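Welcome, and please bring the model up in your viewer. We will go stop by stop, selecting a few residues at a time.

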Amino acid sequence: MKRYLSALVLLTLLIGCSKVDQTNCLIENIELHIAECLTDSTILINISSNNEVADINSLSVFNGDVPLGAFDFNELPLEIEAVSDFDKDSSSFSVCVTEHPNCCKDFMLALPNCSNLSCTITELSVDPGECTGNNMYNLFLNFSYENTGNDFFNVFGREDKLIGTYKLADLPINIENFEASGNDYDFIKVCINDRPDCCKVAEFLAPNCAAECTITELSVDRGECINDSTYSITINFTYSNPGNDFFEVFGRDNKYYGYFNLSELPVTINEFRKSDNEFDLVKVCINDNENCCKLKEIESPNCND
């Protein structure tokens, strides 16, 4: 039967009773030994006895003078998770008969080096949820871990942008309003706090949470003729949810006139070419978004005079 205890007991030692009433002290055959390191600060130890004693019902365990718990003798052998101060070379422990508190076995135990255990993150799962706004959505996150050394973890996006710090005990978590990168696949990195060598990354298909791009109130003001086949125009418009900072201008037959920053509006284009039609065509599109365009026809000027 297994029990877990927040203290460290190490090595197999068998020593005589101290402060003992030999009439009632019946725990000479208690044994302790290491099972394994569990983390860089805890180990698993065994407490056992190789005989049955009818007069013992319960054992109390101490770390120095600090009581660590009482256990039914019939539950032996016990597996106990033990924690201690690894800055020390050794630590003292006692096992006593609960019914006879002066009947104890004392142990001065060497502490092992468990610092070489590797921190690991495994089974990282990332599940996008519902959209919460323009290019934002809920992101559900969970993972398994070992030998973390502390109780927190950090979540990063692309270019190591810190999204937040969270408690391991709160897993799984929901990161609200996770900001989409704009790529087909979003990226996330999970690291144990203060352990840059203990990380896990995942790429996942991003949901489409982009609000619809629109161009409205497109105005094209005709300027002076530059020569007999070209003239200047000044373009202005309003827009929403462009997704980037640039727009492009085209004429008839998709003749390309340039690439401009939205912040520069209104924009003047010199030498806009006349078509052979009565009306010339101006098309404005948000960069890399062929579905976000606006057309306007303007009367072609007579530049032959």
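A disulfide here is a pair of cysteine sulfur atoms within 2.5 Å. With that in hand, select C119 and C198, which form a disulfide with their sulfur atoms 2.0 Å apart. The torsion about their S-S bond is about -75°, so this disulfide is left-handed. The pair ties together distant parts of the chain, 79 residues apart: C119 sits in the loop between β8 (100–110) and β9, and C198 in the loop between β14 (185–192) and β15 (199–205). Strand names follow DSSP runs numbered from the N terminus, where a strand is a run of E of at least two residues and a helix a run of H or I of at least four. Both C119 and C198 are buried, where buried means under 20% relative accessible area, exposed over 50%, and partly exposed in between, using a 1.4 Å probe and protein chains only.

Two notes before moving on. This is a predicted model, in which local features need pLDDT of at least 70 and side-chain atom pairs count only at pLDDT 80 or more, while totals for chains, interfaces and linings use all residues. Residues are numbered from 1 along each chain as its sequence is written, and side-chain values use heavy atoms, with hydrogens and water left out.

**Zoom out: the whole chain**

How many helices and strands does the secondary structure of the protein chain come to? There are zero helices and 22 strands. Of the 305 residues, 40% are buried. Now think about contacts, meaning heavy atoms within 4.5 Å. Among those between residues at least 6 apart in sequence, 57% join residues at least 24 apart.

The structure holds seven disulfides, including the one you began with, C119 to C198. Next, select C96 and C104, whose sulfur atoms are 2.0 Å apart in a disulfide. Their S-S torsion is about 105°, so this link is right-handed. C96 is buried at a relative accessible area of 6%, and C104 is buried at 5%.

Then pick C191 and C199, another disulfide, with sulfur atoms 1.9 Å apart. The link is right-handed, with 110° about the S-S bond.

Color β9, β10 and β13. These three strands form an open antiparallel sheet in that order; strands count as paired if DSSP finds at least two bridges between them. The edges are β9 (120–133) and β13 (173–179), each pairing on one side only. From one strand to the next the twist averages 25°, with axes as lines fitted to C-alpha atoms and angles running from 0 to 180 degrees between N-to-C directions. Nine bridges join β9 to β10 (residues 136–146).

**The largest nonpolar core**

A nonpolar core is a set of buried Ala, Val, Leu, Ile, Met, Phe, Trp, Tyr and Cys residues joined through side-chain atoms within 4.5 Å. The largest one has 24 residues, and L141, F153 and I188 have the most contacts inside it. Strands β9, β10, β11 (152–156), β13, β14 and β15 each supply at least two of its residues. Of these, β10 gives the most, with four.

First, T148 in the loop between β10 and β11. T148 is buried, at 10% relative accessibility. Beyond its neighbours within four places in sequence, T148 contacts C119, L168, I192 and R195, and that brings you back to the C119 end of the opening disulfide.

Next, go to I80 in strand β6 (residues 78–83). I80 is buried, with a relative accessible area of 1%. Draw a C-alpha to C-alpha distance from I80 to I45: 5.4 Å in space, for residues 35 apart in sequence.

Finish at I56, in the loop between β3 (42–49) and β4 (58–63). I56 is buried too, at 3%. The C-alpha atoms of I56 and N74 are 8.9 Å apart, with 18 residues of sequence separation.
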